[in-house]
Structure formats: C-alpha cells, structure tokens
Amino acid sequence: MSLIGRLRTNDDALRKRATAVIPGGMYGHQHTALLPPGFPQFFERADGCRIWDVDGNEYVDLLCSFGPIVAGHRHPKVEEAAAAQLARGDCQNGPSPVMVELAELLVERIAHADWAMFAKNGTDATTMCVTIARAATGRRKVLVARGAYHGAAPWCSPRRDGTTLEDRAHLIKYRYNDLASVEEAADRAGDDLAAVLVSPFRHDAGFDQELPDPGFARGVRQLCDRTGAALILDEVRTGFRLNHGGSWEWLGVEPDLAAWSKALANGYPIAAVTGTDSLREAATRPFVTGSFWFSAVPMAAAVANLDVLRDEDGVARMERAGARLRQGLADQASTYGLSINQTGPVQMPYLSFAADEDHERGSVFSVTALEHGAYLHPGHNWFLCTAHGDEDIDRVLTATDAAFAQVRRQFGDG
Ligand SMILES: *Cc1c(COP(=O)(O)O)cnc(C)c1O
C-alpha cells in the first residue's frame, strides 16, 4: 500500500487558515517545523494504533500522540468510563469521589507512593515536585541532567526566549549516568540543595537513548539520603509503559517524589505527583491548584486505563510488539548494509543512523516510512501501545523496508 503522491489538499488549506490566526501557524512539539517536510499537520481521527490525517491518509501510529496513548486510541473501556463520568459531571465546585479512588489506586500500584495529588500537564507535575521539595527543605538548588526535558515552564523550557536568567538561577547541571558529575553539582549546591531531578532513562530529543546505570541510580539515592535533598523521578514520559508501578522499582531505587502525566489516562488530560510520607506535610503548604485540575472525566479515564493496562498485561504486550519491531528493523538494516543504532526500552524505541549528525538519513527514512503508511519521528523516541499487534508491526516493517531502501539509494552504505 503505497501512499506516494497522496493529497495534502485539506492539510494545506488548514495550514493557510492557521497561519492567519495562530502565531507561526502552530507551536510547541506538534509544530511540523520540527519534522522533515511531508508530514501532515492536522488529523481527523484515530482508532487503536491507526490514525487518519485530514486528507484521509491512514497510518500505523508509532508516536501515540507523543506518549499519552498507551492502550490504543479510543480504547472502549476507557471511553466508556469517561462517558459515564461526563454524563454525571466533570468540572464542579469540588472533586468527584473518583479522585480518591484514583489516589488510592496510585498508592497501591506505585511502591514509593504514600499519597497522590493531581494536575493537568507534565509540566504542572514536575513544577509541583520542585515546589514541594523546596517547601520541605527550605533550600533552593535543584540538580538537573544536561539536555533533559522536564516541561515548558520558564524554569525548565529548552528555549531561552521569554525567560530570564533568574528563572534558572538555582538549577545546576550534571551528566546523566555520571555519578561523579552529580556529586560535583551537589558540592556546588552546598547546604542549599533541595532536590535532584532525574528521568528513569535518558530520552533527550535528537540523541540515542541511554538506560540508567544501576550504580548511578543507587548513588543518586544515597546522595539524597546523605544531604536531605528530595529525589524527584520524572516519570511523565515513561510512566505506565515500562512497568505497572514506578520505573526504577526493578533497580530497587525509590524516589521521594515522582511526576506523572502522558500515559496516565490514555489521552485524557491529567497529571499526578506521588510522594512519600516524609513529604506529606510539606505537600500541604504550597498553593498549588488550577481551574481544571479537579475535573472528574480524566480521573475516571485514568482509573479505567490503569485497570485495562493491568488486566490486558499491557506492559508485556508493548514489550512483545516492541521486540518484534526491533528485530525486524535490525534484519532490514543489515539486509541493506546500513549501520543503525536502536536504543531505549523496546516499547519506547529510537532509531538513528550511524554518522548522521544532521539527521539527513533519519529524515529520508521517516518521510519514506510515512509515504508507505507508518508514522514515526526522526528526532524523538517512538511509543508502542497495547493496540500494536503482530499484523500492525508487520505493516510498519513493510513501510520501513521501503524507507531503508530509499536511504540506501540516496546515501549508499555509509
Ligand atoms: C512531556 C514531558 C514533560 C512535560 O509534560 P507536558 O504534559 O507536556 O507539560 C515533562 N517531562 C518529561 C520527561 C516529558 O516527556
């Protein structure tokens, strides 16, 4: 099924209208300026692991809305729970009982969690973690890994425009998986160290991914214990894809605070902070809130989604699909004599070509895959969901076979 030469009529018309009324035509991570030319900007609908753009082109979705979709688009059980809650009410003068149910569920599933609080976006959750850590310690400095993404607020935005130096005055950088650099950064913070913020694995955009070195994770935990700083795990991207609980539980390392969002409610807008008893009192002090933070529909969707993931053994399903994809891609690259790197957990894969600093090969690869019906990103990790079956992965592999062939034609075997 080749889509080469497919129409972009509706997408082009919408882009034109958008440019008149939306600055730059679009913004943020969904701006197609971050993608090679050829990707659609607007989408019409989604179902399972398939998506349709506004010109009716169908793709197997390997980006899953940049992470939120984990049980497949419009999973019937999640949609049913959301619709039932919507029929009763969503945004009210106080939360619905489902808020308590969801908090109980997170406390039950996530090893370190003694309590939970809710918000809308991942940035809300990472910001709230930092705020609670500062409230608890009365200190200011926060250690963050160089190049790591923790959201789009002024204190953590990857772009400087519109921010001040003061917004980041109390951040100190370390290198992921380099414990000595964390120790050095902690020395610089001295007795002003509030928190160490860390991702469960290194998933910086545009780079090969790195799994955590167990010694690094344990060392960061020990450093926090020694200094009284809070260990904050940013689970916004990883949460509920790698594990049904916390992503560092297999390492025996538990954070004091964790930020969650993306996959929590299978596409419904909600974020969560989980924490330990030692920070319970501190968490009551900062004024953290939002008009939509207590909405009941996303909470009902989250409860249903967590149940679906457990009942369907979601993590194992994603691992199975991811392993099939990784093996298929490796076989194809070797057939075409192309040197690639596949990094990260199989359910959050990233593929890059050797000696491809400007992502030229990656761009040709992703555009060709798109033309053949697989939506994947050249500069951002991909996401598997539980709706990816063998047949869907095989369809992706048909597209990537054409994509590898095109890379080989354009760049040779270098
Ligand atoms: C997406 C992301 C965030 C920010 O979440 P938003 O919902 O976009 O605000 C924070 N941390 C990580 C690791 C993320 O991937």
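What share of the 414 residues in the chain is buried? Buried residues make up 56% of them. Keep in mind that this is a predicted model.

Overall build next. The chain has eleven helices and 13 strands. Its radius of gyration is 22 Å, and the globule rule gives 22 Å for 414 residues, so the chain is as compact as a globular protein of that length. Along the principal axes, the C-alpha trace spans about 60 × 55 × 45 Å.

Now the charges. How many salt bridges does the structure hold? The count is 22. I will go through some of them.

Start with Arg74 and Asp47. They form a salt bridge, with the closest N and O atoms 3.2 Å apart. This pair links distant parts of the chain. Arg74 sits in the loop between β3, residues 58-61, and α2, residues 76-88. Asp47 belongs to strand β1, residues 43-47. Asp47 has a relative accessible area of 37%, so it is classed as partly exposed.

Next, Glu281 and Arg285. Their side chains meet in a salt bridge at 2.9 Å, N to O. Buried or exposed, or in between? Glu281 has 47% relative accessibility, so it counts as partly exposed. Arg285 has 46%, and it also counts as partly exposed.

Then Asp390 and Arg320. Here the closest N and O atoms of the salt bridge are 2.7 Å apart. Again the pair links distant parts of the chain, 70 residues apart. Asp390 is in helix α11, residues 390-411. Arg320 is in helix α9, residues 314-335. Asp390 is partly exposed, at 28%.

There is also a network. Salt bridges that share partners join Arg50, Glu58, Asp392 and Arg395.

How far apart are Gln327 and Ala33 in space, C-alpha to C-alpha? The distance is 31 Å, and in sequence they are 294 residues apart.

Which residues form a positive surface patch? They are Arg146, Arg160, Lys173 and Arg188. Take Lys173 from that group. It lies in strand β6, residues 171-174. With a relative accessible area of 34%, Lys173 is partly exposed.

Two residues deserve a look in the viewer. Ser65 has a positive phi of about 65 degrees, although it is not a glycine. At 30% relative accessible area, Ser65 is partly exposed.

The other residue is Asn177. Its phi is near 70 degrees, a positive value in a residue other than glycine. Where is Asn177 found? In the loop between β6 and α5, residues 179-189 for the helix. Strand β6 is the one that carries Lys173.

To recap: 56% of the residues are buried, the structure holds 22 salt bridges, and Ser65 and Asn177 have positive phi. That is my tour of the predicted model.

Terms used:
Residues numbered from 1 in each chain as written. Predicted model: local features only at pLDDT ≥ 70, side-chain atom pairs only at ≥ 80, totals over all residues. Heavy atoms only, no water. Patch = residues over 30% accessible without salt bridge, like charges linked within 9 Å, V, L, I, M, F, W, Y side chains within 5 Å. Areas by Shrake-Rupley, 256 points an atom, 1.4 Å probe, with all protein chains shown as cover. Salt bridge = Lys/Arg side-chain N within 4 Å of Asp/Glu carboxyl O. Lys, Arg positive; Asp, Glu negative; His and termini not counted. Charge placed at Lys NZ, Arg CZ, Asp CG, Glu CD. Helix = DSSP H or I, 4+ residues; strand = E, 2+ residues; numbered from the N terminus. Buried < 20%, exposed > 50% of the residue type's maximum accessible area, 1.4 Å probe, protein only. Rg over C-alpha atoms; globule rule 2.2 N^0.38 Å.
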